[in-house]
Structures are given as C-alpha cells and as structure tokens.
Amino acid sequence: MSGQRILTLVRHAKSSWGDPGMRDIDRPLDKRGMRDAPRMARWLTGKIASPDLILSSPARRARMTAEVMAQAFAVPVDQIRIEDAIYYRGTEAWLEMIRSLQDSLRSVLIVGHNPTISDLGTDLLGSGYLGFATCEVNTFAMPVESWALAGEQPAELLVSQRPKGLDRH
C-alpha cells in the first residue's frame, strides 16, 4: 500500500530501582536493560527500515533505550526528539502527537512506557490485548495516507518481539 505509515513502539529496557530516593524520571537502565537494548536494536535493524524519526520520553531509561536504537540504525543521537507527552500523558495525547507528525515521515519509532504503550498498541490493532514487556518491540503498518488519520482503521502488526524470545532463536 503506497500510503501506509510504519509505526514502531518500543517499551524502554529494564530500569534500575537500586536507589529508592531517585526520582522516577531519572532512573537509568539496569544491567539487564543494558544487555537487552542493544540485542533488540540489532534484531530490529534486520526487520524494518531505518525510521525517519525517533521520539522518546524524557525519562532517562527511555532516552537510553532510544539512543541504543538510534545507534543501531545509524541515526544521529542528537536527532532523537524528546516528547514530554510520552512520559506525562496517556493514550489520547500519544495519538494526538502521532496525528501531528509530518506526512513526509514514512516510518516513526517511539520509545515509551507502560501502561500507555500497551494501551496504544491494543487500540491500534482494534482487537485483543497487546501487553508490552520491557524492551519489547512492536511494529505496525497503518493503512493511512496521512498520520492525521492514525488509529482510524485497524493497523497490521508486522513485527513483534520480546527480549526473552531472542533466547529461543
């Protein structure tokens, strides 16, 4: 389909809870997250074309995951766009953000958080429930000519992978 848009949703990799006094937004990736993010990024580069844009939550763990994804796709890290709505707001705000994307962008990757990322993925499919594990990747083909129409019709799930699933390959 000539007009389809490709949207990849990535839940941030596993984060550290080691410092109970640390603000949630400042939590970094933990050891498992530092292992899983590059593995998932390498896997994803073999499945989809390089995204035209990478959006990330301002949370440190999401930014770290987004940077790993960008490096795997040879996207300059300084081109990652930080969007406060990904951290602070829910599904409707995410959808509004997606619908405001420029139509010159064919493929967008977003790194975010649960429960919003699971809720949005579920809404895009139009049926069933799509729960996201940490560092899980789901790529959707959206049958729309314009991002402004995102979510109007059910999307097709093209790629779906959890880090634990890589251990089975």
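Glu 96 lies in helix α4 of this predicted model. Helices here are DSSP runs of H or I with at least four residues, strands are runs of E with at least two, and both are numbered from the N terminus. At 53% relative accessibility, Glu 96 counts as exposed. The classes are buried (under 20% relative accessible area), exposed (over 50%) and partly exposed in between, with a 1.4 Å probe and protein chains only. Residues are numbered from 1 along each chain as its sequence is written. In this predicted model, local features need pLDDT of at least 70, side-chain atom pairs count only at pLDDT 80 or more, and totals for chains, interfaces and linings use all residues, while side-chain values use heavy atoms, without hydrogens and water.

Glu 96 belongs to a surface patch of negative charge, together with Glu 92, Asp 119 and Asp 123. Helices α4 (91–99) and α5 (116–125) are the elements that give two or more residues to this patch. Patch residues have over 30% relative accessible area and no salt bridge, and like charges are joined within 9 Å. A salt bridge places a side-chain nitrogen of Lys or Arg within 4 Å of a carboxyl oxygen of Asp or Glu.

Helix α2 (residues 60–72) contains Gln 71. Gln 71 is exposed, with a relative accessible area of 55%. Pro 38 is 33 residues from Gln 71 in sequence; the two C-alpha atoms are 9.1 Å apart in space.

The strands form an open sheet of six, in the order β3-β2-β4-β1-β5-β6. Its pairing is mixed. Pairing requires at least two DSSP bridges between two strands. The edges are held by β3 (81–82) and β6 (156–161). Each has a single partner strand, so one side of each is left without a neighbour in the sheet.

Strand β1 (residues 5–11) pairs with β4 (residues 107–112) in the parallel sense, over six bridges. In this pairing Ile 6 has Ser 107 of β4 as its bridge partner, and Arg 11 stands opposite Gly 112. Strand β5 (residues 137–142) pairs with β1 in the antiparallel sense, also over six bridges. Here Leu 7 stands opposite Phe 140.

β1 is mostly covered, with seven of its seven residues buried. In a regular strand, side chains alternate between the two faces of the sheet. Both faces of β1 are covered. Arg 5, Leu 7, Leu 9 and Arg 11 are buried on one side. Ile 6, Thr 8 and Val 10 are buried on the other.

Technical notes:
Patches are made of residues with over 30% relative accessible area and no salt bridge: like charges are joined within 9 Å, nonpolar side chains (Val, Leu, Ile, Met, Phe, Trp, Tyr) within 5 Å. Accessible areas come from the Shrake-Rupley method with a 1.4 Å probe; for residues, only the protein chains shown count as cover. Lys and Arg count as positive and Asp and Glu as negative; His and the chain ends are not counted. The place of a charge is taken as NZ of Lys, CZ of Arg, CG of Asp or CD of Glu.
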